[in-house]
Every structure is written in structure tokens, then in C-alpha cells.
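This briefing goes through a structural model, with attention to how its parts meet one another. Please keep the sequence and the 3D view open while reading.

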Amino acid sequence: MTVIRLTINQKPIDLDPPGNRLLIETLRDELHLTGTHSGCDTSQCGACLVLIDGQSVKSCSVFTGELDGAAITTIEGLAAIDNFGEGDSPLGRIQTAFQQYHGLQCGFCTSGMVISASELLATTPHPTEAEIRHWLEGNICRCTGYQNIIAAIMAAATGSGTGEGGESHV
Amino acid sequence: MNSITKFGIGQTMTRQEDIRLLQGQGRYSADLHWPHQAVAFVLRSPQSHAEITRLDTAAASKMPGVLLILTHREIDAEGLNGLPCWTKLPNRDGTLGYIPERPLLAKNRVRFVGEPVAFIVAESLNQARSAAEAIDVVYKSLPSATVTADALNQTTPQIWPDAPQNQAFDWQQGAEEATNRAFAAAKNHLTVTLVNNRVASSPMEPRAAIGKYEDGKFTLHSPTQGVHVIRDCLSRDIFKLPADDFIILSDDVGGGFGPKLFPGPEQALVLSAARRLGRPVKWVGERSDNFMGEVHGRDNVTTASIAFDDQARILALRVETIANMGAYLSPFGPMIATKAGTGMLTGLYDIPTAVVRVHGVFTNTVPVEAYRGAGRPEATFVIERLVDHLAYRTGLDRTEVRRRNLIRPEQLPYKTALGQHYDSGEFAAIMDAALARSDQAGFAARRVESLKRGRLRGLGLATYVEACAGNGAETAVIEMAADGSVTLLIGTQNNGQGHETAYAQILAETLGIDPQRVTLIQGDTRRVKTGNGTGGSRSVPIGGAALQIANQDFLAKSRVKAAEILGCAADDLRFEDSMLVKPDSNQKLSLVEVAAAANGLSGTGTFTPSQATYPNGCHVVELEIEVATGATTIDRYTVVDDFGRTINPALLAGQVYGGIAQGVGQALLEECRYDAKSGQLLTASFMDYAMPRGTLLPMIDFSLRNIPCQTNPLGIKGAGEAGAIGAPPTIISAIVDALQSLDGGAEIVHIDMPATSQKIWQMIQEIHAKRRAA
């Protein structure tokens, strides 16, 4: 085994992972960062997304040992870099919009959705609805029908994440 | 009006739990790590139907890290029962249906791919997996039956010796003779055959279970839709021990949709293993476990007929369904295609007489259990397709045949031919509202524009009604401590619906309690005494009504205490702006002051619904089909619902959007497919099973036309399943409409779900070929 150095949520950490250790196992089982979820085992659902050097990556499909020198951000560390949160809110800009627009129900896919959205907005600050929908093809949600997730991401992009949310007429 | 009213009923209020869920601080069962826990893996059958001629765990038991391997032999020696079926149905001839034994682990024979064969416990998951591969199992293959429509055939392989022709039950409801007479007398009949495809509920969190055994008590932490249901099953049905020997806990649950209301074998197996080892045992299902070892939903083949007069008025309805139960009967399984759904087969229409016959059949497939709607989507699909066919047959518009048959407001309350009591609603008006909102008038122009781009535009619509708020009573307890903090204890279980927020709004509305001061206690059999769980859209209609009764009880007790302090009669006190006010004086006490003086106050309420509630509405969709590829794009989706009364508009809309996505998924994409010959499950991952993704739907236009429920104390009708019920017939109606617009396609009247692009493309080719031949 080889000792590698990672930065996880802005903290350096030395690890000595076996060769077959997946990043999601390191995060969840060793570091108890359980906000990253496993939803499918086939790299389809995106519940396990984390940012590696700013790019969203499915942590169920990368070996920890390959990541020497990488900077990893999980959902637990996102607010610190997505620093548009309101006042003393523990939530970042995208997280705040998800709460305001009811962009989550059971919360299981949510970490991946938020991580995915953060990469999108970093590269495309003002995406169209169609661009957001296309971007989220790698993330599955079973609860929301995606509508409020899309609305939340659009609101986060325009900085209107403190509205009353939703597109409904009720 | 009080200062807290901005948090009361009818307001959009964000959810408190979102703050922790959005930071990755959710508490799902798989996140738990109990000291000294061992890890379990389930070895599943790779065969659809086979005798187990050898099951030898000796070598596997000696593998590194292996602590325990359970097979049916160990479970039998322990004296545990298998999983129960709670639904004992009478056959139409008066005998009882057949309920086979369903062992926790397969006993000498496997009957579906994925059936649990052994439960391996080791120090690590990889060790348990490796040991599973080392278990020596020899299967002697048997011919299998997986096709619903063929299950009753004489030539189909038999699964249970005591269930001839694979028939579990042959159940009937309605007026057979009157219906036969009506059919005989009527001039016009039409018949349709419909498939309601088998789907997988697929919550993003697969089932998980972590259990321990300490001081003579079992503790299980698992995602459920109600801990008491699971406790009672484990204690009464499986372990045959007192309920008090079991502590069942659920915290955050990553989606339910039906199956998590009922026990799975793994929840019992972790407890058995934990008792044997004296250590906690944790099992976390993977997605493949969820497809192969969980339960599926739907799976019916139905032949349905209507008799009608020359004005297209329906005179009688006759339905015969083959309902695939899977290889065993799940706890609620037989109920879904029968009592849970068939009552809704007449829909919102004034149909004088009806009869329904349902054959429950065994096949070599995963057992079927409740999935969002559980019987009501199937019923709605049948009646709405029939009504569309009535339009095709008579040449009338689809809205016109509905208008002629919908129950009129002056007919309410209305008892249907299949025994439902509709209390309220304006069914033609809600259809008109949906059509107006969808700009039906502009459809023709949009169709022309689509065709210029090589796309067939179709308009689909369906009305729906469902029966909600079943499954008995619910009890709510509210406790205000001396410091004014409030605890609400209730036996429903949030799976993402936002119960904590909705219940807090009812407390705010009635008692003026600040939602920030309310803590919801659910999912803990130590603290919550009873409960029937969350399912069938019952939590807010029944749980909310129980809470409202608890509020009144709390207020009555507060009055007595306040009257004591203020020196007046309890009945003389006015309750205003969260204060109890003594008449003709400036003396008043807040509820918090009363609770402090009483050193804590509580209120209890139990609500048992006298009958179901009936949410209803109308869905309208416009979609485009690309002629060259058969690909479908949904362009506009409009829904108008009557949910009686709204607690929180944002949460309500969330339920509707999610339900519609599941219904559209069933109509266009989703299907649990078995290979007809081998009985192999072909769709056991998200790579093979098509889930709705972000591009499936446009922004849904959802609005309400609420008419308060007459039989619910809060006027609420329930909303959790409505979207999944209305969407499938709406989508099929639209696809047929689009195909009919193709040159030569006028004869098209049906396409089976899921209407994949391949299936549609195939139909387009057939239409082209027919036109060329002509």
C-alpha cells in the first residue's frame, strides 16, 4: 500500500487505502462523511457525486488510491466554497435555493444534485432550463419529478434563491 | 387571526429538516455504525424455478472473517415463521384463496430469481461476499412461468401443487346478474384488453436494516413507512414474541412509495443473526437487491367491457383481471388488485351497474406489493381507456363522452355501483378548468406547427378519482413542556413528504404554536405507542385530523387549568391570539403560561375515518412524436386537482410533480421484464430499467380547484398518489391521438405501456406499410 495525501473539504489528510478501496467507501466508512450516498452500484444515479478538483465525479467509480494530491469537496464541505449563503445560514447559495424552492423531498439524491448543480453553475453561470435538465441526466431523483430541483438551480443562478418558490398556482 | 397565522394552514413554509439534509447530515439507516457491528450479505437465487438439491455452507463458514451463515435449516431450528400474507380473500364460490408459506430463506426450492437462499455475516462486506460465492448450492432447474397473461393456462408450469392453474384466488365484486342483464339489453358494447405493466418502486434509498439484541430485547433501525407495522409483523408473525421485546426505529427514510410499509426478510434476518452473535448486524441493500429481492408493483392484464346507449351513455361495466402476485403472496399483495382498487373502476362516471372478477395468479417473479396508488392507478387506467374507446367508437370528442357520463354535482353524495360514497366534487367543472388552463383551443394550431417539424402532436386527457385515507385509526399526542416547547408524537412516518412541517402548520393554525418550538417524534416504538404508518395518502388526512382532535383536547385541558388560575368557569374563557382571556377583564394567559403553571400539559386525539376521502381531478398533456424515430417529447402538462384543503402549497405541489413523474415513467419507460423462457429478470439495474430523468417532463402547470371533503374534520382529501394515478391514461390517450393524426393512422386505438420509442416507431412503420399496401 502507498500513502497518499488528499485534501477533503479543505483539510489535508493522509490515507493508506487498499488498492480496491472506492472513494465512496473511504468517505462513508472510514471518514464517516455519510452525506455522500450510494443509490445504484452502476454509476447511474449520481447520489454519490463529489467534486474532485472542481469536477463532479461519481465516487462509486473511482479508487481512492488514484487520487494522490486531489482536492475533494463533499456535500458536507460545499457551503464553505459555495459562499453566497445568507447571513449566518449554514447553507450555501445552491443549498439555500433548494430549501426555498422545495427542491428535495426524501433527501437521498440531494447531495448529488447539489454537487452537480455547483459544477454546472461554475461553468455555466446562467443556464437555460433545457441546459439544466440535460446536465442532470446523470442524477436520478424518484421523489420530486425534478421540477423544483430545476427551479431551485435557476433561482440559484439568478440570485433569487430567497423567494417563495415553485411554479404552481395554488 | 393570531401572529403565527403566517405559518398556519394554507401557507408555503420551508422545511426545517432540509437544513440538515442539504448539508449531508441526514440520518439514514445505512449511515449508522454501531460499535462491534458485523456486516451481512444475502445470497440470492440465480434461477427462476429450481429444486435445491444441495446447500452446503461448510467451506464458506471457514472463510476469513465469516461469523455466521444462516440458511432455512438454522431459521427452522430457531422456530421462526416466514413472511406473512395479511390478506385472506374469499373466492367467488365461497371457498378461501390459497396462501403459500413464504420462508425467510428458501427451503428446498426457489421460485424466483433473487429469492434469498442464505444470509452471510462477516467482519466486512467483502468477506461476506466472498463467502457467499463459496457456498455450495446445486439447483435442479424446473420450467418457469413468468408471463401474467399465460399463468392460468393448462400448459403453463405449475408453481404450487395446491394452487391449480397457478390461481391464488378468484375473487368477485359487484352485481353480476344485473350487469349481465344490462349487457344483454344494450344495443352497443365495446371491449378492451389492457396491460398494466410491472414496475419497480425504486426509492433512491434501497432497504437497509441494522439490528442488535441486548437484555432480552431486539432493536432494529430500518427505513420504514411505519415502525409499528414492522414491529407487529416481526413480533407476532415471525418471532412469536411479545411486541415489547422489539424496539423499531426509523429516522430519515430515502423514499418509500409503498414497499417500505411492509417487512422484508432481511429485517428479520439481521435480528436473528444479532441474537446468535451477540453483536449488532448490519445489512444494506444494493440496487440489484432492490430489483430482485424487494417487491414490484402493478402487473395486471385486464379485459374490460362497457355497454352503452346511442347517446354514448354507459349502462354497465364488466371487468376481468389477471393480477400477477409473484411467486408468493406479500402481506398486502392480494388486496391491491381487489379491494384496494376495484372500487374505483367506475371512476367519476355515473355507471348504473358493474361487476369485477379478479384472478390472482402465481408466477416465478418477485412478489407484488403496494406501489404508489396500489390498485387505484390500475382501475383509473381501465376506465379512462374505456371512455377514450367510447369516443373512438362513437366519433364523439373525448371530452364530450366524458361530459355525458360524469357524475353531476346535484347527484352528490353519490354511491357508486361498486360501493364508494363520493361526498364532494365538481367533476365536469374540474375537467373544463384543466382544458381551459391547457389552452385546448390552441391545440390545432400547435399541431400544424409540429407537423412542419416532422412531429405528430397528440393531446391526451384523463380524469381520475381515488379513495384515500384508509388503514384505520391514527393517534396524535401533543405535550407542551413548562418551557413552552411542544412535542408531537404520531405513528405516521415521513419518507420525504414533509410531515414535520405540515403538522406544525396545523398546530400553528389551531393553537398558535410557533413551528420552531415543535419537535415531531415518529419512527420510535418506545415513545410512540401506536400507529398505522404512512401509505395510501393517509398521513395528513388521518394523522392531521387526529392532531386536530388532540389540539382540541389540549385546549380543553388548558381552559380548565387557566380557569383555576383566573378564577372563572372554563367555558367562559375566550381563546384569542393564542391567549385564554377572562371575559370582561384584561386578565389573560398564554398557553405557554398555562403549561408552565401546570408543569406541562398534553392533549391526545384519535381519528378513525368513517369512510374514504376522494381526491379527484383532470390531467391534460400535449406531446410530440418524431415520425422518423418514434421518440416522444412531452411539451405541455396541465393538472387541476381537488384535494379538499391545502396545508402547505409547496409540499402539495411536490407530491403532485413527483407522482406525475412516476406515472409518466410507467407510461413511457418503466417495465420489470422477465425472459419468458429462462425466467431471468432482465431489468435488475438502472442500466436496464429506464427511470424518469430530468429531461422527461416540461414544467408542470399545477393548480387547485379545492372543494372541502365533507367527511374529514379538516376538509382534506389526500394527495400523495394522485399524480401517479392520473398520468398513465393521459399519456396513452395523447400517444394514440398523435398516431391517429398520421396519414393512415386513424384506426389506431391503443398502445401498451410502456410506450417506448421503439414500440411507437414500430407502429408508425406498420401504419406506413398498410398505407402503401392500400
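The model is predicted. In chain A, the domain assignment gives domain 1, covering 4-76, and domain 2, covering 84-158. Chain A also touches chain B, in a contact that takes 52 residues from chain A and 51 residues from chain B.

**Two domains of chain A**

- The C-alpha centres of domain 1 of chain A and domain 2 of chain A are 21 Å apart, and the contact between these domains draws on 16 residues from domain 1 of chain A and 13 residues from domain 2 of chain A.
- On the side of domain 1 of chain A that touches domain 2 of chain A, at least two residues each are supplied by β3 (49-52) and β4 (55-58) of chain A, and the largest share, three residues, comes from β3(A).
- By class, that side of domain 1 of chain A is made up of seven nonpolar and nine polar residues, with no charged residues.

**Contact between chain A and chain B**

- The side of chain A that touches chain B receives at least two residues from each of the helices α2 (75-81), α3 (93-100), α4 (110-123), α5 (129-135) and α6 (147-158) of chain A.
- The element that gives the most to this side of chain A is α3(A), with four residues.
- The residues on the side of chain A that touches chain B divide into 20 nonpolar, 25 polar and seven charged.

**Helices α3(A) and α6(A)**

- The axes of α3(A) and α6(A) come within 8 Å of each other and cross at roughly 135 degrees, which makes α3(A) oblique to α6(A), and the crossing is right-handed.
- From α3(A), the residues that make this contact are R93(A), I94(A), A97(A), F98(A) and Q100(A), while α6(A) contributes A152(A), A155(A) and A156(A).
- Six of the residues in the contact of α3(A) with α6(A) are nonpolar, one is polar and one is charged.

**A three-strand sheet in chain B**

- Chain B holds an open sheet of three strands, in the order β24-β25-β26, with antiparallel pairing.
- Because β24 (574-576) and β26 (588-590) of chain B stand at the edges with a single partner strand each, one side of each is left without a neighbour in the sheet.
- Neighbouring strands of this sheet are turned against each other by 25 degrees on average, with direction ignored.
- Strand β25 (residues 579-581) of chain B pairs with β26(B) in the antiparallel sense over three bridges, and L580(B) has L589(B) as its bridge partner in β26(B).

**Helices α17(B) and α18(B)**

- Helix α17 (residues 649-668) of chain B packs with helix α18 (residues 722-740) of chain B at an angle of about 40 degrees, with the axes 7 Å apart, and the two helices are therefore oblique to each other.
- The crossing of α17(B) and α18(B) is right-handed.
- Among the residues that meet are V656(B), Y657(B), G658(B), G659(B) and I660(B) in α17(B), and A722(B), G723(B), A724(B), I725(B) and G726(B) in α18(B).
- Sorted by class, the contact of α17(B) with α18(B) has 13 nonpolar and seven polar residues, and no charged ones.

Conventions. Residues are numbered from 1 along each chain as its sequence is written. Chains are lettered from A and ligands numbered from 1 in the order in which they are written. This is a predicted model: local features need pLDDT of at least 70, side-chain atom pairs count only at pLDDT 80 or more; totals for chains, interfaces and linings use all residues. Domain bounds come from an automatic or database domain assignment. Two residues are in contact if their C-beta atoms, placed from the backbone, lie within 7 Å. Ala, Val, Leu, Ile, Met, Phe, Trp, Tyr, Cys and Pro count as nonpolar, Asp, Glu, Lys and Arg as charged, and the others, Gly among them, as polar. Two strands pair if DSSP finds at least two bridges between them. Axes are lines fitted to C-alpha atoms, for helices over the stretch in contact, and angles run from 0 to 180 degrees between N-to-C directions. Angles under 35 degrees count as roughly parallel, over 145 as roughly antiparallel, 65 to 115 as roughly perpendicular and the rest as oblique. A crossing is left-handed if the near helix is turned anticlockwise from the far one by less than a right angle, and right-handed if clockwise.
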